[in-house]
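Here is a short note for a colleague who has not seen this structure before. The points below go from a pocket to the aromatic rings and then to the overall fold.

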Amino acid sequence: MTVRIHWSLPLDSGQQSASGGFDAGVVDVDTMISFAREAEEAGVDSLLMPMSCYMPDPIPLLAALLRETRRVRFILAYRPGLMSPTLLTQVINTLACMGQSRVDLNLVAGISPQEQAYYGDFLEHDDRYRRADEFLGIMQALWASREPVTFHGQHYQIEAATLGLRHPGDGRPYIYVSGASAPAKALAEARADCWLCYGDLPAKVGVHAAPLLQAGKEVGLRLHVIARETREQALDAIAEMMARPDEKHRAFIKDFVSRCDSEAVKGSFRLAEQYPDHWPSPYLWTGAVPYRGGPAIAIVGSYQEVADYIREYERHGIRNFIFSGWPSRDEMRHFCGGVMPLLQKEAVHA
């Protein structure tokens, strides 16, 4: 295919409902392994290992999943400031050696001062991106050179850092950078292979993507999807998902977002508020955003309609799609069984 399809591996309860709360009190490794194996067999390119305070830490889970899979890649989401760049480079090199270089990195500067404070991090928004630039710069220097790395910056002081365990083949992971703010885009242009953003109308995404594409970067979208054999079935699925909304959780999300400093998150809520009927287009739905946050913007429709809408994004230069669903495994089955064959067929005949 000319596009790459990735999926978010659920580390919590699997987001059983589009309007429900989180349930992360259990670490079910067997279910995660089963999910990863099924995604691999279905042809998913990569599985996102998300990170948040309400989820288990992704690094030990990733180590287990690498040993139980053979082809599917993994995108490790992690944040600067939680460990040193030298140590995270060492961790990624170790994981890459365990899993035939199937580990990529999604660096997330942080979306909320409140959540960052949980980890003892009190930097302001733009300072977090300045720190992320230093962080990635040190990591890339460690991957690029066998010479000791010394760095003296505002946020990190590194003296003659060397790592005995190199990344396989003296390579490095593919790097994603998330965020919609000017500092996020600047970081992606300077340090990343792919800039990730939340869903929006294809033409609007294309406008924001254009400078990154011109700089030689790839662009990806983080979305949900609701695909069924017919559009009516997809709309029925939405009705069922929203039938018993958790208003207490909605209030929690509203409070969280009120203190959030992420332009990506705030932008997704502005999009949802701009269209009270929840439909910015016939195929883009925002109704779950108040309950699930920015990634909950969803492509909705029949298998053919969803495939066509993905192609619309592709016409604006978007090649990477990280999807989720409610429940995520069920939706992955719908997508891989119904939408992916259409994308593959269209790619062959293009």
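1. On a 1 Å grid over the protein atoms alone, a pocket is an open set of points where a 1.4 Å probe fits, with protein on both sides within 12 Å along at least five of seven lines; lining residues have an atom within 4 Å of a point. Grid points are joined across faces, edges and corners, and a volume is the space filled by probe spheres set on the points. The second largest pocket holds about 340 Å³ of space.

2. This is a predicted model, in which local features need pLDDT of at least 70 and side-chain atom pairs count only at pLDDT 80 or more, while totals for chains, interfaces and linings use all residues. Residues are numbered from 1 along each chain as its sequence is written, and side-chain values use heavy atoms, with hydrogens and water left out.

3. What lines the second largest pocket? Its lining has 18 residues, and those nearest the centre are Ala-180, Asp-200, His-208, Glu-263 and Gly-267. Two or more lining residues come from each of β8 (194-198), α7 (202-214) and α10 (263-274). Helices (H or I, at least four residues) and strands (E, at least two) are DSSP runs, numbered from the N terminus. Helix α10 gives the largest share, seven residues.

4. By type, the lining of this pocket has eight nonpolar, five polar and five charged residues. Here Ala, Val, Leu, Ile, Met, Phe, Trp, Tyr, Cys and Pro count as nonpolar, Asp, Glu, Lys and Arg as charged, and the others, Gly among them, as polar.

5. Aromatic rings of Phe, Tyr and Trp (its six-membered ring) pair if their centres lie within 6.5 Å; planes under 30 degrees apart are stacked, over 60 edge-to-face, and the rest tilted. The count by this rule is 11 aromatic pairs. Trp-7 and Phe-335 have ring centres 5.8 Å apart and planes at 55 degrees, so this pair is tilted. Because Trp-7 is in strand β1 (residues 4-8) and Phe-335 in helix α13 (residues 328-349), the pair ties together parts 328 residues apart in sequence.

6. Trp-7 and Phe-335 are both buried, that is, under 20% relative accessible area with a 1.4 Å probe, protein chains only.

7. The protein has 13 helices and 12 strands. Buried residues make up 54% of its 350 residues. Its C-alpha atoms fill a box of roughly 60 × 45 × 45 Å along the principal axes.

Methods
Buried means under 20% relative accessible area, exposed over 50%, partly exposed in between (1.4 Å probe, protein chains only).
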